[in-house]
Amino acid sequence: MTDTSLKKDAKLANNWKKKAPEDLTDAEVLAMPESEYMNTAQMAFFRHKLTLLKDDILSNAGQTAEHLREDAVVTPDPADRATIEEEHALELRTRDRERKLLKKIEQSIALIDAGDYGYCDETGEPIGIGRLLARPTATLSLEAQQRREMKQKLFGD
């Protein structure tokens, strides 16, 4: 991962021993020694992160339903109606992507429960804290993901 905002800070390496998992920051989890990869604190940290993401998506879904009901009034101007319909279509596409993400979040939480979270589905190697912080639903290591994308690019879906 090339994100310069996520660098290991040695001063934070032992903070996880003094804090509850839900109080840990991304930097503190990243600073943990590699020998502690996917320990109970990290598993609880990612469970909390995924649960917050899930709650946020569910909250957005409720707002969308309410928003679509509010805009259900009949607009006589065709241009206004087309604008409203396009906004609705965009909002529904966004919610569809979130629905798919919600499924991945639930799968990730199930992996945490099974003790398999944080390891590549293809190789079994650690995915890495940096990648999981950026994409908590990742199931492939960066190398495996790049191989998959290269195959898709070469051979199509």
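This is a predicted model: local features need pLDDT of at least 70, side-chain atom pairs count only at pLDDT 80 or more; totals for chains, interfaces and linings use all residues.

Q: How many residues does α3 have, and how far does α3 reach?

A: Helix α3 has 37 residues. From its first C-alpha to its last, α3 reaches 54 Å, close to the 54 Å expected.

Q: Which residues of α3 are buried?

A: First the general idea. An α-helix has 3.6 residues a turn, so residues three or four places apart point the same way. Now the case here. The buried residues in α3 are H88, E91, E98, L102, I105, S108, I109 and I112.

Q: What follows α3?

A: G115 does. Its phi is positive, near 80 degrees.

Q: Next, the core. How many residues does the largest nonpolar core have?

A: A nonpolar core is built from buried residues whose side chains have atoms within 4.5 Å. The largest one here has 25 residues. Those with the most contacts inside this core are V29, M38, F46, Y117, I129 and L132.

Q: Which helices supply this core?

A: α1, α2, α3 and α4 each supply at least two residues. α2 gives the most, with 6 residues.

Q: Which residues does Y117 touch?

A: Leave out residues up to four places away in sequence. Then Y117 touches M38, M43, F46, L50, S108, L111, I112, L132 and P136.

Q: Now the aromatic rings. How many aromatic pairs are there?

A: Two rings pair if their centres lie within 6.5 Å. By this rule the count comes to 3 aromatic pairs.

Q: Why is the pair of Y37 and Y119 edge-to-face?

A: Look at the angle between the planes. Over 60 degrees counts as edge-to-face. The planes of Y37 and Y119 stand at 90 degrees, so this pair is edge-to-face. The ring centres are 5.4 Å apart.

Q: Where do Y37 and Y119 sit in the chain?

A: They are in distant parts, 82 residues apart. Y37 is in the loop between α1 (26-30) and α2 (40-70). Y119 is in the loop between α3 (78-114) and α4 (129-134).

Q: Why does Y37 count as buried?

A: Buried means under 20% relative accessible area. Y37 has 16%, so Y37 is buried. Y119 has 30% and is partly exposed.

Q: How are the rings of F45 and F46 arranged?

A: F45 and F46 also pair edge-to-face. Their centres are 5.2 Å apart, with 80 degrees between the planes. F45 is buried, and F46 is buried too. Together with Y117, F45 and F46 form one aromatic cluster.

Q: What does the side chain of N39 lie close to?

A: N39 is in the loop between α1 and α2. N39 counts as buried, at 13% relative accessibility. A polar atom of its side chain lies 3.1 Å from the backbone nitrogen of A41.

Q: How far apart are H48 and P21 in sequence and in space?

A: H48 and P21 are 27 residues apart in sequence. In space they are 8.0 Å apart, C-alpha to C-alpha. H48 is in helix α2. H48 is partly exposed, with a relative accessible area of 32%.

Q: On to charges. How many salt bridges does the whole structure hold?

A: Look for a Lys or Arg nitrogen within 4 Å of an Asp or Glu carboxyl oxygen. The search finds 8 salt bridges.

Q: Which residue forms a salt bridge with D26?

A: K49 does, with the closest N and O atoms 3.1 Å apart. D26 is in helix α1 and K49 in helix α2, 23 residues apart. D26 is partly exposed at 28%. K49 is partly exposed at 23%.

Q: Which residue forms a salt bridge with D113?

A: R47 does. The closest N and O atoms are 1.8 Å apart. D113 is in helix α3 and R47 in helix α2, 66 residues apart. D113 is exposed, at 55%. R47 is partly exposed, at 30%.

Q: Which residues do salt bridges with shared partners join into one network?

A: They join D96, R99 and K100.

Methods:
Residues are numbered from 1 along each chain as its sequence is written. Side-chain values use heavy atoms; hydrogens and water are left out. Rings of Phe, Tyr and Trp (its six-membered ring) pair if their centres lie within 6.5 Å; planes under 30 degrees apart count as stacked, over 60 as edge-to-face and the rest as tilted. Helices (H or I, at least four residues) and strands (E, at least two) are DSSP runs, numbered from the N terminus. Buried means under 20% relative accessible area, exposed over 50%, partly exposed in between (1.4 Å probe, protein chains only). A polar contact is a pair of N or O atoms within 3.5 Å; within protein, one must be able to donate a hydrogen and the other to accept it, and residues adjacent in sequence count only if both atoms are side-chain atoms. The expected span of a helix is 1.5 Å times one less than its number of residues. Contact means heavy atoms within 4.5 Å. A salt bridge is a side-chain nitrogen of Lys or Arg within 4 Å of a carboxyl oxygen of Asp or Glu.
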